[in-house]
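User: Could you walk me through the ligand site in this one?

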Amino acid sequence: MTSNQPKIRIGVLYGGRSGEHEVSLRSARSVMESLDPTRYEVVPIGITKEGRWVATGIEALTAGTVSGSGRSATLLPEPSDASLMAVDPTANDPATSSLSVITELDVVFPVLHGPYGEDGTVQGLLELAGLPYVGAGVVGSAVGMDKVIFKQVMIACGLPVLPWVMCTRRQWQAKPDAVIEAVETALPYPVFTKPVNLGSSVGISKCHDRDELRAGLDEAARFDRRLVAEQGINRARELEVSVLGNEEPVASVVGEVRPRREFYDYVAKYVAEPGSEDESELLIPANLTPDVAAAVRHLAVQAYQAIDCAGLGRVDMLLDDQTGQIYLNEINTIPGFTTISMYPKLWAATGMSYSELLDRLVDLALERHREKAALATSIDTTALRAVEG
Ligand SMILES: Nc1ncnc2c1ncn2[C@@H]1O[C@H](COP(=O)(O)OP(=O)(O)O)[C@@H](O)[C@H]1O
Ligand SMILES: [Mg+2]
């Protein structure tokens, strides 16, 4: 792109209402630092832990709240004007407008992980606002976030997932013994208990016996209305593939995470210091035969397409070393995106640098928006009446 072309104004949404707020700050910092300043004008948009939007850089958003003079910001749910608006807190007379334009936006990159960011909610707002945005749409995001609906979609598409038992928090609290019995009838230990909608291993436990299962379900119930108990694999190999694209997605080389802790829990993911005994190993590429690697990559693309993912997604699988069986575990539609995160590292190993990846994601967002804009949005009712008549 030559310098006289206008820069693309990219709103980077970061922070957010989820337990993964801090993780988002790290991803967003890398994204904002790496967007080519000759091509992009970055508009940072922070979301506090309470869900307030502020037009401010990451420095001002510490511990989930705004320090200093961040302007409250918002997007209107109407496509007429793709602008980030300032909300003026002093104008409380309903007769006067309390909104003013901060800046127009060309595209938005939601660098948000977990609920209220990766789950289709923010994507719904961006659809209403008529703005192009990076990543999956409403359905892909929502299905990617919901561990049980995801499994059901995989099964409907003939793709392999581990068996599970789901219950609501209400069922667990009202009839704990019935839930335990249902889980123990269906699944041998170890069993993983999880909140259905979350990420970053928050609320997840590996349960080796009934006492641990009770504790695990209690823990998961702190985070969600729906809980899942899933067949655990001992010594599972954890494989991850980065997928990129809209209608013709491509898969990166396969990576492997080797947690040194009992599983890839929150400590292993985010707390373990580099070089510490808790630090997980990332193997890129994973040590697999070419046939298995090809099968894993193919499976990743199939799963991605099955949930109508777009832009990007990191498809995580579990390989049972004893049987050789591969299971789809989950798709992260907004995976960790620091320069040392698995998603960009897999692309780097496949030949695409971090900044090339950002360019590609913006192109894919704009392409998808153009395709949608070309769709018919109304039907000719006179013609219909003529058919009926
Ligand atoms: N069925 C399972 N068998 C073995 N390990 C599992 C299983 N489910 C989850 N794990 C372990 O727990 C981690 C987090 O689970 P995951 O379902 O990926 O949740 P999250 O969305 O929080 O990443 C996985 O990376 C893996 O280490
Ligand atoms: Mg995971």
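Predicted model: local features only at pLDDT ≥ 70, side-chain atom pairs only at ≥ 80, totals over all residues.

Analyst: Residues are numbered from 1 along each chain as written, chains are lettered from A and ligands numbered from 1 in written order, and side-chain values use heavy atoms, without hydrogens and water.

User: How far is the polar side-chain atom of glutamate 238 from an oxygen atom of ligand 1?
Analyst: Glutamate 238 is listed among the closest of the 20 residues around ligand 1, where near means a heavy atom within 4 Å. Its polar side-chain atom sits from that ligand oxygen at 2.3 Å.

User: How much of the accessible area of ligand 1 does the protein cover?
Analyst: On its own, ligand 1 has 540 Å² of accessible area (Shrake-Rupley, 1.4 Å probe). The protein's share of cover is 97%.

User: Is glutamate 330 buried or exposed?
Analyst: Glutamate 330 sits in strand 18 (strands are DSSP E runs of at least two residues, numbered from the N terminus). Buried means under 20% relative accessible area, exposed over 50%, partly exposed in between, with a 1.4 Å probe and protein chains only. Its relative accessibility is 13%, so glutamate 330 counts as buried.

User: Which side chain makes a polar contact with the side chain of glutamate 330?
Analyst: A polar contact is a pair of N or O atoms within 3.5 Å; within protein, one must be able to donate a hydrogen and the other to accept it, and sequence-adjacent residues count only through two side-chain atoms. At 3.3 Å, the partner is lysine 147.

Note on methods:
Helix = DSSP H or I, 4+ residues; strand = E, 2+ residues; numbered from the N terminus.
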